[in-house]
Amino acid sequence: MAPVTVITGGGRGIGAATARRLAAAGHHVALCYLRDHAAAETVVADLRATGVSAVAVCADTTDPDQVDELFTAAARLGPLTGLVNNAGVTSPIGPFTELRVEDLRRVVDVNLIGYVLCAQQAARRMTDGGAIVNVSSAAATLGGPGEYVHYAAAKGATDTLTVGLAKELAPRGIRVNAVAPGIVRTDIHAVSGVPDRPDRAAGRIPLGRAGEPDEVAAAIAWLLGPDASYTTGTVLRVAGGL
Ligand code: NAP
């Protein structure tokens, strides 16, 4: 039977690249997005054109009822085998002392609470093993000084969630891993107020350039797939040497 995978935040960026890569490998895909309906529907049309089933659900991953709706929609595609916990946000970058409490709460809500709610749904519904990949960040170990320490801390929690869940779910044949991207060319940098961050940062990245979404998607697809059958509880850094 073909794998069925939920991808949160699959309408743009790393999530969209992952959806396209997984569909090419034969996955049926249920993705969610928050606002950009047109982008999500474009991805879904591309996936269906490859012959797989695909659906886009407008669901905020911080809301348990909407998360339940997303996984219910996925169940219509077949028994759940995979989750890519990808929907994440930053906030305007700047010094720690300027951080607004509403930005702090949203960053923790989406990057931590949302990941936990989705992993919980996946763990409940994966009755015959499966794989979860959490999209963390190199910031989890770099700390994000002067930019977004709160975001880095939330991504550090993602890594801990990965390690703990991997151990708890291993007896049920569910593997849990994370990828930690460095600076990747997506729209997330515009939201944080520095749209040209990938180009500005190139000089301090050992490989000399920002990453592309598909380079992260490749790592996610490997961790989800059978070639990673003995890999669980690991954080795979995809950061050009950062
Ligand atoms: P992006 O281009 O900004 O895309 C984010 C996607 O997530 C969009 O589809 C967005 O929906 C969706 N989304 C955001 N909040 C959501 C919510 N609460 N519920 C449902 N969907 C939500 O982001 P990206 O750069 O691809 O980032 C993907 C992941 O990689 C994030 O976890 C991020 O922290 C991590 N990461 C990114 C980088 C980087 O440099 N890009 C580096 C390290 C880690 P709409 O389209 O509707 O807005």
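Hi everyone, thanks for coming. Please keep in mind that we are looking at a predicted model.

Let's begin with the ligand. Which residues come nearest to it? There are 33 residues around the ligand, and the nearest of them are Arg12, Arg35, Asp36, Tyr151 and Thr186. Hold on to Thr186 for a moment: an N or O atom in its side chain is 2.5 Å from an oxygen atom of the ligand. The side chain of Asp60 also takes part, with an N or O atom 3.0 Å from a nitrogen atom of the ligand. With Leu34 we turn to the backbone, where a polar atom is 2.8 Å from a ligand oxygen.

Now for the helices. Find H4, residues 101-125, and H6, residues 149-169. Their axes come within 9 Å and cross at roughly 15 degrees. Are they roughly parallel or oblique? An angle under 35 degrees counts as roughly parallel, so H4 and H6 are roughly parallel to each other. Their crossing is right-handed. On the H4 side, the contact includes Leu104, Val107, Leu112 and Tyr115, while on the H6 side Ala154, Leu161 and Leu165 are among the partners. By class, this contact has 13 nonpolar, three polar and two charged residues. If you remember Tyr151 from the ligand, here it is again, as one of the H6 residues that meet H4.

H4 has another neighbour to show you: H3, residues 64-75. The axes of H3 and H4 come within 10 Å and cross at roughly 40 degrees, and therefore these two helices are oblique to each other. This crossing is right-handed too. Where do they touch? In H3 we have Pro64, Val67, Asp68, Phe71, Thr72 and Ala75, and they meet Leu117, Cys118, Gln121, Ala122 and Arg125 in H4. Sorted by class, that is seven nonpolar, two polar and two charged residues.

Our last pair is H1, residues 13-24, with H9, residues 213-224. How do their axes cross? They come within 8 Å, at roughly 55 degrees, and that makes H1 oblique to H9. Gly13, Ile14, Ala17 and Leu22 are among the H1 residues here, and the H9 residues they face include Pro213, Val216, Ile220 and Leu224.

Methods. Residues numbered from 1 in each chain as written. Predicted model: local features only at pLDDT ≥ 70, side-chain atom pairs only at ≥ 80, totals over all residues. Heavy atoms only, no water. Axes fitted to C-alpha atoms, helices over the stretch in contact; angles between N-to-C directions. Helix = DSSP H or I, 4+ residues; strand = E, 2+ residues; numbered from the N terminus. Parallel < 35°, antiparallel > 145°, perpendicular 65-115°, else oblique. Left-handed = near helix turned anticlockwise from the far one by under 90°. Contact = heavy atoms within 4.5 Å. Nonpolar A, V, L, I, M, F, W, Y, C, P; charged D, E, K, R; others polar. Near = heavy atom within 4 Å. Polar contact = N/O pair within 3.5 Å; in protein donor to acceptor, adjacent residues only side chain to side chain.
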